[in-house]
Amino acid sequence: MSDPREIGRPSGSLAAPDGILPAGTYEPEVLPAGLTRAPVGVNALATEHLIVNMGPQHPSTHGVLRVLIELDGEEVKAGEASVGYLHRGIEKLAESRRYSAVGTLMDRGDYISGIHNEMAFALAAEKLIDVEAPRRANWLRSLMAEINRIASHLVWYGPMGLDTGAMGPFLYAMRDREVLLDILEDVTGQRMMFNYVRPGGVLADITPAAEKKIRVFLETFDQYLDEHIEILAGNEIFQARMRGIGVIDRERAVGFALTGANLRASGLSFDVRKDRPYAAYSELDFSIPVAQEGDCFARFMVRMEEMRQSVRMIRQCIDGLPEGEFTAKVPKVLRPPAGEAYGAVESPRGELGVHLISDGSDTPYRMRYRPPALYALQVGESLLPGVLLADAVVILGSTDIVLGEIDR
Amino acid sequence: MAIDKLTGEHSLLFIRSEQLFDTARRKSLWYMAFGIACCAIEGLMSASGPRFDFDRHGVFFRASPRQADVMIVAGTVNLKMAETVKMLYDQMPEPKWVVSMGACANTGGPFREYPNVVLGVDKIVPVDVYIPGCPPRPEAVQYGFLQLMEKIKAQTEVRLAARRDSN
Amino acid sequence: MPYDRIVLTVLLVLGAVFVAATLATSWLLSPKKPSPEKAETYECGAEPIGPPWVQFKAGYYVYALLYVIFDIETVFLYPWAVTFSQRGVGWFIFVEMVIFVAILLGGLVYAWKEGALTWR
Amino acid sequence: MLPDVTVTRRILDGVGITASVEEVAILGVVCRVSAEQARTALRAFRDSDLAFTFMVDLFGVDTGEAIDVVYHLRSLARDEELFVKAEHAYDSALTSVWKVFPAAHFPERECAELFGLKLADHPNPQRLLTTDGVPPLLRKSVRLRGPEEVRNR
């Protein structure tokens with residue numbers, strides 16, 4: 001029997017020694033940058049690295065993300081994210097859609113928080129045609145956005161429990177999310193692809209049935225939220241898995257252009273709702289949760305606290321909903337004058353911006369969709385070297401990435 | 001089946017057993033958690049969540065294709081994803097079925113004009129049940145699975161009828 | 001044959017038959033359609049990169065070894081615990097078992113100090 | 001909210017770049033630079049007292065005769081925003097500003113791939129979103145599929 005190490009060594013050509021491995025599974029000649037195979041000529045105790053695909057179909061990559069991980073036993077030596085498995089050309093298709101129809105494309109960008117996407121596009125379009133949405137429309141927008149934010153945070157919170165090995169929180173999260181989806185469906189008519197926020201205002205007014213459901217939700221959710229925090233955050237195994245893992249310091253956060261809860265967990269309190277107020281956020285009183293450590297647990301607690309603030313805002317929106325029109329007089333086919341505008345929104349994943357360039361025709365000339373999750377993935381990828389494999393999963397989960405937004 | 005080697009492919013003895021096995025297969029269709037896009041959140045997460053509970057139909061998600069009977073293609077399949085879909089389909093053990101969920105997987109959906117999107121997953125793998133909608137409601141996904149169970153039962157009848165005529 | 005011998009043989013026979021029966025049924029009844037694509041290693045739907053037969057980290061092997069040692073120790077504890085109360089002179093047997101466990105614990109402490117249990 | 005135009009022009013002159021800096025109607029202050037000077041301009045803005053340390057976004061626009069790569073900068077300290085546009089000819093090279101703003105790693109790969117530019121001194125110059133052989137899709141010259149092609153799929 002020849003030396004077993006010899007069998008595994010790639011012998012120049014891609015052909016495998018007979019019978020051990022079918023030819024196809026050998027490594028392609030060009031390795032992705034950043035991944036280096038272990039040095040050839042292994043001395044007695046040194047270990048060779050194994051390149052593993054945490055591939056497109058993986059329960060804990062929150063979508064079709066493929067991460068090539070170079071493993072030395074349990075320790076990740078290098079990692080490279082390969083995206084593009086859900087690239088559907090939202091920006092290119094928007095160039096051939098009318099302004100009222102681009103909202104449907106934006107819903108399917110970050111498919112968990114559709115209201116925020118539509119609002120980003122609506123704000124940019126309104127800046128171009130210089131129309132201000134009426135006050136009631138702005139309050140309805142903030143109300144729906146905060147409901148959508150809690151639903152989106154719950155979709156992040158459930159799998160966060162799964163990533164750290166807790167099956168229970170996922171079911172609690174889905175139970176509360178169904179209540180929110182019912183409210184969204186009553187008002188907008190759809191559970192996920194709302195097409196509710198249009199340039200100039202919103203689609204429809206809030207129905208009394210939805211208002212009653214919101215009040216019922218407000219009474220119970222605070223207690224549920226404490227229950228969520230106690231179940232997961234109080235658990236010391238969860239804390240051991242999250243505290244001190246994936247620390248992002250302030251310079252790395254700014255350098256990698258992080259936004260949203262990821263940035264606020266590293267100590268910088270930049271929030272589009274406070275620094276660039278839109279919709280009704282200037283009239284609502286809410287605080288921005290900021291943590292200093294910048295590790296996975298800080299990101300977790302910042303998002304849980306954001307849900308509590310959203311409940312506070314929903315209560316204010318419901319009680320103080322002003323009277324009046326819910327949409328401004330806007331022509332059915334928008335033809336904004338030639339120009340450029342940038343509209344930004346605080347989506348659950350960060351600052352979601354739409355840079356709209358119009359040339360006077362009824363379809364946008366160019367629409368750039370700023371994906372906050374793409375920058376979160378970049379930081380996640382840069383944190384991988386030197387981390388245990390189980391922690392790599394937790395880091396990617398804690399940055400709350402959605403592949404629909406990264407691939408657009 | 002291997003036992004058929006002992007008693008011949010069309011043996012009369014095992015007609016009843018095939019129906020028995022298909023009933024067992026119908027009542028426990030395990031799908032491969034293969035969510036690509038928005039349909040995954042609606043069809044896999046919400047449908048298997050506590051409210052629209054999929055488990056009552058015996059439908060449960062499995063992470064790997066080795067233990068899955070059904071492959072749900074929930075989302076848009078683009079050129080980069082096509083090889084993965086084909087590879088995963090090949091790696092599933094027989095008997096296997098494919099459910100194409102959502103307008104994107106059926107025929108390209110709202111992104112059909114984009115050259116990078118494959119116009120429907122049936123260009124890559126044979127599809128048994130198409131579920132319309134963008135995204136289809138969780139009830140629609142469960143109705144799609146019930147139709148798949150009917151289809152499995154119907155396939156067995158067709159095979160048995162063919163066998164009865166041939167003898 | 002004395003009564004307990006019969007019980008033991010029946011137990012062994014039943015175990016063997018049960019295992020053989022389940023394996024045989026699944027081999028007989030499951031449809032077999034092998035194909036080269038199906039034989040590929042499943043790596044999340046992507047092409048596996050690099051040969052899997054690499055010189056792997058020894059940590060896993062040491063973990064498994066420690067587990068096997070303590071597994072056998074518990075196997076020895078069972079008969080001792082069952083017969084412990086029936087015998088007259090309990091003390092002697094108790095001290096003997098404590099020595100046995102102590103020796104194994106010595107091994108564990110050595111492994112722990114050598115860093116066999118840490119992952120890095 | 002808007003940086004002072006004369007201060008911006010002074011920073012650029014300090015680095016030896018004569019570029020047009022003007023205030024566009026809705027957008028804000030836009031500074032046009034040539035492709036080669038893009039990196040030095042960005043480094044100057046980042047290290048200047050205006051402190052544009054946060055790169056919000058990087059994307060391309062096909063303006064018919066060339067490709068405008070737009071760098072959207074933000075100064076967290078002074079809460080100001082600035083757009084730097086660098087004009088690149090078709091199929092020219094996009095020099096990476098990865099050392100100035102690490103956030104530009106992925107967007108540059110995507111912009112180069114969807115607009116058909118080549119990547120110069122980039123840590124991982126591979127395609128980000130599409131597979132090899134897919135044309136530069138965001139260019140105006142690449143058409144979408146027609147209705148009949150979609151109908152008889």
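Predicted model: local features only at pLDDT ≥ 70, side-chain atom pairs only at ≥ 80, totals over all residues.
Local features rest on pLDDT of at least 70 and side-chain atom pairs on pLDDT 80 or more, while totals for chains, interfaces and linings use all residues. Residues are numbered from 1 along each chain as its sequence is written, with chains lettered from A and ligands numbered from 1 in the order in which they are written.

Helices (H or I, at least four residues) and strands (E, at least two) are DSSP runs, numbered from the N terminus. In chain A, 3 strands form an open antiparallel sheet in the order β6-β7-β8; two strands pair if DSSP finds at least two bridges between them. The edges of this sheet are β6 (339-347) and β8 (366-370) of chain A, each of which pairs on one side only. From one strand to the next, the twist averages 10°. Angles run from 0 to 180 degrees between N-to-C directions, and axes are lines fitted to C-alpha atoms, for helices over the stretch in contact. Between β6(A) and β7 (residues 350-358) of chain A, the antiparallel pairing extends over 9 bridges. Within this pairing, Tyr342(A) stands opposite His355(A) in β7(A).

Two helices of chain A pack on the sheet. Helix α4 (residues 114-129) of chain A touches β6 and β7 of chain A, and its direction makes about 150° with that of β6(A). Helix α13 (residues 372-383) of chain A touches β6, β7 and β8 of chain A, at about 130° to the direction of β7(A). Residues are in contact if their C-beta atoms, placed from the backbone, lie within 7 Å.

Elsewhere in chain A, the axes of helix α7 (residues 208-233) and helix α12 (residues 296-319) come within 10 Å and cross at roughly 165°. α7(A) and α12(A) are therefore roughly antiparallel, a term for angles over 145 degrees. Residues of α7(A), including Leu218(A), Phe221(A) and Leu225(A), meet a set in α12(A) that includes Met304(A), Met307(A) and Val311(A).

In chain C, helix α3 (residues 59-84) has 26 residues and reaches 37 Å from its first C-alpha to its last. This span is close to the expected 38 Å, taken as 1.5 Å times one less than the number of residues. α3(C) is hardly covered, with a count of 0 buried residues; a residue is buried if 20 or more other C-beta atoms lie within 10 Å of its own.

The contact between chains B and A takes 28 residues from chain B and 26 residues from chain A. On the side of chain B that touches chain A, two or more residues each come from α3 (38-46) and α4 (79-90) of chain B. The largest share of that side, 5 residues, comes from α3(B).

Note on methods
Buried ≥ 20, exposed ≤ 12 C-beta atoms within 10 Å, placed from the backbone. Parallel < 35°, antiparallel > 145°, perpendicular 65-115°, else oblique.
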